[in-house]
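Here are my notes on this model. Please read them with the structure open.

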Amino acid sequence: ICQSAFDCCEELISITLPSSLRQIHDYAFNGCDNIDVVALPEGVKNIGKGAFGGCTKLRSILMAITMQKLEDGAFDGCTSIEEFSIPNDFKNRMFGLVPSASKWKKIYLLSTEYYKMPKNCTPNKSCTLYVPDAFLAQFKADADWMQFGAIEPLSKSRYFTKEGFLK
């Protein structure tokens, strides 16, 4: 999707993206205030700077485990985010890219390994953390991760398989 393709398109409420899509360029959906959910197909590898910036009603961002590049500021100003996934390659940055930690309700860690909680993560007791089934015990045994309200296996989520792929 080209740079600024839907910039400030307030009439845009939902988007369905084709599996052939590979990249969302800078500011593609910037200021689209009424977008509620973004579910990116596994083909999307790159999201540009400010791609969803200022989407103030955006509640859910679901990215595939195959995501490769996520520019800083991709979700700046998205103050209503309650649910999001963290692809493996962004585990140490993603929490800092998603604002409003107090509103988080569900986070999906799409990881190929267990890892310590990043320093930029602000746990929220009303948030459920979904982790790969194979590492559930390790995440539950970590006092830092246990600051979240609950830790559940990805296989219990409605979006992801136990390995972290989209259902």
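1. A term to begin with. A nonpolar core is a set of buried Ala, Val, Leu, Ile, Met, Phe, Trp, Tyr and Cys residues joined through side-chain atoms within 4.5 Å. Buried means under 20% relative accessible area, with exposed over 50% and partly exposed in between (1.4 Å probe, protein chains only).

2. Ground rules. This is a predicted model: local features need pLDDT of at least 70, side-chain atom pairs count only at pLDDT 80 or more, and totals for chains, interfaces and linings use all residues. Residues are numbered from 1 along each chain as its sequence is written, and side-chain values use heavy atoms, leaving out hydrogens and water.

3. The largest nonpolar core holds 48 residues. Within this core, I47, F52 and F75 touch the most other members. At least two core residues come from each of β6 (83–87), α1 (94–97), β7 (106–110), β8 (128–131) and α2 (136–141). The top contributor is α1, with 3 residues. Helices (H or I, at least four residues) and strands (E, at least two) are DSSP runs, numbered from the N terminus.

4. What does I47 touch? Leaving aside residues up to four places away in sequence, I47 touches I24, L40, F52, M63, M67, K69, L70, E71, A74 and F75 (contact: heavy atoms within 4.5 Å). Another core, of 8 residues, lies apart; L62, Y108, L110 and L154 are among them.

5. The open sheet has 6 strands, ordered β2-β4-β6-β7-β8-β9, with parallel pairing. Pairing requires at least two DSSP bridges between two strands. β2 (37–39) and β9 (150–153) are the edge strands, each pairing on one side only.

6. β2 runs parallel to β4 (residues 60–62), joined by 3 bridges. A39 has L62 in β4 as its bridge partner.
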